[in-house]
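Please read the following points alongside the sequence and the coordinates.

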Amino acid sequence: MSFGKRAAVAGIALLICAATAGCGGGKGTSSAVDGSWDDVVAAAKREGSVMIYSSQNPTILDSLKQAWTKKYPEITLEFVRGTDPDMIPRVEVERRTGHGTADVHVVTDATWIADAAATGHFSQKLRGPSFQNPDYQPERSIKNNMFFLDVAATFGMGWNTGAIPGGIKDPREVFDPKYQGKIGVVNPAGSASYVDLYNFYRKNFGDDYVDRLAAMQPRVYPSALGIAQALTSGEVVVTPMVQPLVREKEKGAPVDWALPKPSWGTPFYGHVTATAPHPNAAQVLADFMVSREGQTAQAIGVASALPGIPGATANAHEVQTPDPKQLTSDYVERSSREWQQLFNR
């Protein structure tokens, strides 16, 4: 979907958002300072708040908020969590109208990231010192000095341990007849990342993998987060596509997980939005996210952009990035329609 089409789709959502408590925003009265980094931090504290739009797991965002509040108690961090098809149109409308709510936006859609980084229309140049850290590999991690690698999601198999005590070791095991109607899958509609995930399964586990999956009459969820919750409740018992269930296990949920070989992942990139109402706080948040403190806070079942982060599943630089040349808007739309026809028979 083009920038313009996404913007049109987002209109109603933004009107609803504007009427929702805590979702308001505006052009803002603050301006980005031109001084030193200390000047930026001081201005951020005067702004007093910062908003992030993200498709990350809310557990990760909550952890990030806690770490941020500990370091910057003067700056209130709020977040709106949604899928890329939810968040991207909002960012596009905010840019088009000049009426911003998001200060930082975190996204996985490889095609949108590539296009937005190339045009520079949606972002501000990054300023923080953490982006110069050699361990961060800035030459690999930053696109056009605007989009920064944050973390990378790794996806694999998950199951309810009450129903499947021994778990599964291969994604094709979900085709056991006893799992008919009890498998959780994600709807890829409008999401380049999820379209790429289904392509990954076809490539590595059989050209007919997706057809066989549809024949199992799975339950469909809008995101992997919904699948994780369904596994915990027992609504479904197995899935070939969920994030590592690290935090769920820590809380005592009856679930477990494993990454298949090979395994699939997708990077999360962040950027400071062009219409950030708190531009200085936005820069400080972006910098914090790639600092050791920020990376540690986010390392819950994901790969980190810094080495040696406790809890990280892998190095985010080693996660293969979806090919934006393949995942064009037309291709994603066509693939989504084909998926709908296959799974809604």
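Which residue caps the N-terminal end of helix 3?

1. N57 is the capping residue, with a side-chain oxygen 2.8 Å from the backbone nitrogen of T59. The model is a predicted one, in which local features need pLDDT of at least 70 and side-chain atom pairs count only at pLDDT 80 or more, while totals for chains, interfaces and linings use all residues. Residues are numbered from 1 along each chain as its sequence is written, and side-chain values use heavy atoms, with hydrogens and water left out.

2. Helix 3 spans residues 58-71, and its 14 residues reach 20 Å from the first C-alpha to the last, close to the 20 Å expected at 1.5 Å a residue (1.5 Å times one less than the number of residues). Helices here are DSSP runs of H or I with at least four residues, and strands are runs of E with at least two, numbered from the N terminus.

3. I60, L61, S63, L64 and W68 of helix 3 are buried (under 20% relative accessible area, with exposed meaning over 50%, for a 1.4 Å probe and protein chains only). They cover an arc of only 160° around the axis, which puts them on the same side of helix 3; the arc is taken from the directions from the helix axis to the C-beta atoms. On the other side, Q66 and K70 are exposed.

4. The partners against which the buried residues of helix 3 pack include strand 1 (49-54), strand 2 (76-81) and helix 11 (279-289), where contact means heavy atoms within 4.5 Å. Eleven of the eleven residues of helix 11 are buried, so this helix is largely enclosed by the rest of the structure.

Technical notes
A polar contact is a pair of N or O atoms within 3.5 Å; within protein, one must be able to donate a hydrogen and the other to accept it, and residues adjacent in sequence count only if both atoms are side-chain atoms.
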